[in-house]
Amino acid sequence: MSEQTPLLWHSNSGWTPTGYGQQTGIFTPRLNEHFDIGVSTFYGLEGARLNMGGIPNYPGVAGDFGNKTLLSNASAHFKGDLRGGLVVTLMDVWVLDPSIIRNLNAACWVPVDHDPAPARVTDFFDASGAIPIAMSKFGAKMLEKYDPLYVPHGIDTNVYAPIDREQARERVKLPKDKFIVGMVAANKGNPSRKCFAEALLAFKKFYDMNDDAVLYLHTEMSGQFQGVNIGSLIKAVGLPEGSVFVADQDRILMNPLSPEAMAYFYSAFDVLLSPSAGEGFGIPVLEAQACGTPAIVTDFSAQAEVCGSGWKVSHTPYWTTQDSWQAHPDVDDIVDALKQAHRQDDRARVEQSHRAREHALGYDVETVMSDYMLPALAEVERRIAAREPKALKVAA
């Protein structure tokens, strides 16, 4: 692998408060030590190029996912030669035009959160010739016919690290004498992939038996991004005033909390509740565990492997608009998991916290860089170099 190989990373900008943005923010500066890197943004930057930390960030067009700008950004970064470097996309591939990707030496770091992989995902790889990089072992299994590479997401475990619970609760202004269940999840799509309805139904059943519990929701509450009106949902399930705390809504939308601040929230929780219908990865589950907090997840897709300390609940398969299966978590199983977390003694909680932290350390960004990302990109370059010319078929 040449240290001078140009690499164009196509995803959210590294300063946007999304999972993709977070991964862009922590990986591109590290990749800049090995490649001549640029970032092609499809969210977070419009109108003009921006230099951040010595890395050029090329603009996108709102809502386009790069189909109008990726080739021009690649041409700019590769000095006019579309195959003069490597393009790595981090996004859902089915929104991309495969005919554009065919013009590039491309690898796609891709989420898969259905079983099997939806046809529009596999059709993209069939048509584009891009090399898949799965971000979970589940995703690698779903894409096995393409011989995918595997690179998990990473986090900075120096930032996401355990903080004394009483100190954390004082800092984030959550009650010190309660059993705190936290949800950190994007409220996008209805019905919700994050399963807010099942989570709140389960918490209400649990609360009725344990009124020392409170639920903290770190999410947008109104559903303005085609999501769920969570305020209405709280009323519908009958949770009383004082049983639910919510994140500052102005900060959620306009000034998201830093990773350093989020570590205080994760450390304040007794358990993270994340029973998603399907995850391409599931970063909050990993962040919580790095802070020593176990998680409750649905035993399906990537979340089953990302959760190394906590509880995995059963589910019922359901057919989605992507013509494949995801999973509705079982409400009573969530209740049972909450009860088990609640009745643990101090020794069991400490042991589980240590297991959570140990599991998360395996996903530290430096470990992922050295053990997965750099070897995968070297293999991508090898595979591209080994491609043989194909005879053009001409119709008679």
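The model is predicted: local features need pLDDT of at least 70, side-chain atom pairs count only at pLDDT 80 or more, and totals for chains, interfaces and linings use all residues. Residues are numbered from 1 along each chain as its sequence is written, and side-chain values use heavy atoms, with hydrogens and water left out.

**Exercise 1. Describe the chain as a whole.**

Solution. 
- Step 1: start with the elements. The chain holds 15 helices and 16 strands; these are DSSP runs numbered from the N terminus, with helices being H or I of at least four residues and strands being E of at least two.
- Step 2: turn to the dimensions. Along the principal axes, the C-alpha atoms fill a box of roughly 75 × 45 × 40 Å.
- Step 3: look at burial. Of the 396 residues, 55% count as buried (buried is under 20% relative accessible area, exposed over 50%, partly exposed in between, with a 1.4 Å probe and protein chains only).
- Step 4: look at the contacts. Among those between residues at least 6 apart in sequence, 67% join residues at least 24 apart (contact means heavy atoms within 4.5 Å).

**Exercise 2. Is V181 buried or exposed, and what does V181 touch?**

Solution. 
- Step 1: find the residue. V181 sits in strand β9, residues 179–184.
- Step 2: check the accessibility. V181 counts as buried because its relative accessibility is 0%.
- Step 3: list the partners. Leaving aside neighbours within four places in sequence, V181 is in contact with F203, V214, L215, Y216, V271, L273 and L338.
- Step 4: take a distance. G44 is 137 residues from V181 along the chain, and their C-alpha atoms are separated by 31 Å.

**Exercise 3. Which backbone oxygen does the side chain of T293 reach?**

Solution. 
- Step 1: T293 belongs to the loop between α11 (283–290) and β13 (295–298).
- Step 2: T293 has 1% relative accessibility, so T293 counts as buried.
- Step 3: follow the side chain. It reaches the backbone oxygen of Y266 at 2.7 Å.
- Step 4: see the surroundings. Not counting residues up to four places away in sequence, T293 touches Y266, S267, F269, D270, V271, L272, A288 and A356.

**Exercise 4. Describe the setting of K204 in its helix.**

Solution. 
- Step 1: the helix is α7, residues 196–209.
- Step 2: K204 counts as buried because its relative accessibility is 18%.
- Step 3: beyond neighbours within four places in sequence, K204 contacts V237, G238 and L239.

**Exercise 5. Work through two loop residues, F65 and G242.**

Solution. 
- Step 1: F65 lies in the loop between β4 (55–58) and α2 (70–77), and F65 is partly exposed at 33% relative accessible area.
- Step 2: leaving aside neighbours within four places in sequence, F65 is in contact with H10, F42, M91, V95 and L96. F65 and S11 are 54 residues apart in sequence and 8.3 Å apart in space, C-alpha to C-alpha.
- Step 3: G242 lies in the loop between α8 (230–237) and β11 (244–246). At 49% relative accessibility, G242 counts as partly exposed.

Terms used. A polar contact is a pair of N or O atoms within 3.5 Å; within protein, one must be able to donate a hydrogen and the other to accept it, and residues adjacent in sequence count only if both atoms are side-chain atoms.
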